Amino acid sequence: MQGWARELGFSQIGVAGVDLSSAEPGLMQWLAQGFHGEMDYMQAHGLRRARPAELVPGTVSVITARMDYLPRDTPADAPGAWQAVEWARLQRPDEGIVSVYARGRDYHKVLRNRLQKLAERIAQEVGPFGHRAFTDSAPVLEAELARRSGQGWRGKHTLVLNREAGSMFFLGEIYVDLALEPTAPVTAHCGSCAACITACPTGAIVAPHRVDARRCISYLTIEHAGAIPEELRPLMANRIYGCDDCQLACPWNKFAQPSRLPDFDAREALSGGQLVHFFAWDEPTFLRLTEGSPIRRIGHARWLRNVAVALGNAWRETGNAALQQALASRAEHPDALVREHVAWALSQRSD
């Protein structure tokens, strides 16, 4: 199965059982603390997330998969070089930073299609069987299943870490009605390192293995629909979609691997672009340039909200009049959410 998976672009395949009961208390505590923010679906699904056989009746095993997503042109022979490139973006406040995973094609589509092909290949070998593929698309404890099946261990930022690949990979699952032998988990290798916790700009990693999504820049720029809390806006700097800082700081990510697929190559429009340029996109342009991208799902108004915050931060830091002019062009935007964030951004300097 590993060979078939690699032909489809996956980096590793594992197998987990369906008894995740030991993960239920932690899940319920996280929800009880409200750390899921406005992600109401987390609360609505409750313990189904930890009970695969309730989500898909008949499931007795879970095939887990991971797929590296660094662009193919990432230098694999220079450990840590890609991280240095990304850190440097934060020193260019006029540049808008889109999280690395979102610069290419929507991973949901890529993984789901290839997981389905893997299931079809297995069926050719063993005959028809019940299955359903997921990738960040249903109440599934993806990271926990990945950990149990040996894809890696849970880092203190809660992401899965692999000694040969860091954390720069997507996860997917196939729930199956086949009784498969589970693969062994691996030991954790974070030790006393707390680099990810220290690096988080907003302090969202409130304790090892505990993230308050309400403070996470990825949550605020992607999942959160309303106004971004004012006290967090300056901390977002020039990040306009997602945040990679906890991963950039992780020593294991010097081993992160480039994808073998062209799907995750960075689109020119989404990598290294100027904030003024992003803010000038009207809705048709936004829809055209984010077609097939995960960014499209936040919509044009939230995109402008995010970019307005980054422009305000850059305006405060640099005093570049072009940033002020760009913001002023949207001061009367028909969407109240955009207007409010533009007004805040314009207030960041008195000159």
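## Terms and basis

A residue is called buried under 20% relative accessible area, exposed over 50%, and partly exposed in between, with a 1.4 Å probe and protein chains only. The structure is a predicted model, in which local features need pLDDT of at least 70 and side-chain atom pairs count only at pLDDT 80 or more, while totals for chains, interfaces and linings use all residues. Residues are numbered from 1 along each chain as its sequence is written, and side-chain values use heavy atoms, with hydrogens and water left out.

## The annotated cysteines

An unreviewed UniProt entry gives Cys190, Cys193, Cys196 and Cys250 as "binding site"; UniProt positions follow the numbering used here, feature names are shortened, and annotations may be inferred rather than shown by experiment. These residues span 61 residues in sequence, yet no two of their C-alpha atoms are more than 10.3 Å apart, so they gather at one spot.

Helices (H or I, at least four residues) and strands (E, at least two) are DSSP runs numbered from the N terminus. Setting aside neighbours within four places in sequence, Cys193 is in contact (heavy atoms within 4.5 Å) with Lys156 and Pro251, and Cys196 with Lys156, His157, Ile205 and Cys246.

## The annotated active site

The "active site" annotation, also from an unreviewed UniProt entry, covers Asp136, which sits in the loop between strand 4 (131-134) and helix 7 (142-148) and is partly exposed at 45% relative accessibility. Not counting residues up to four places away in sequence, Asp136 touches Tyr107, His108 and Glu142.
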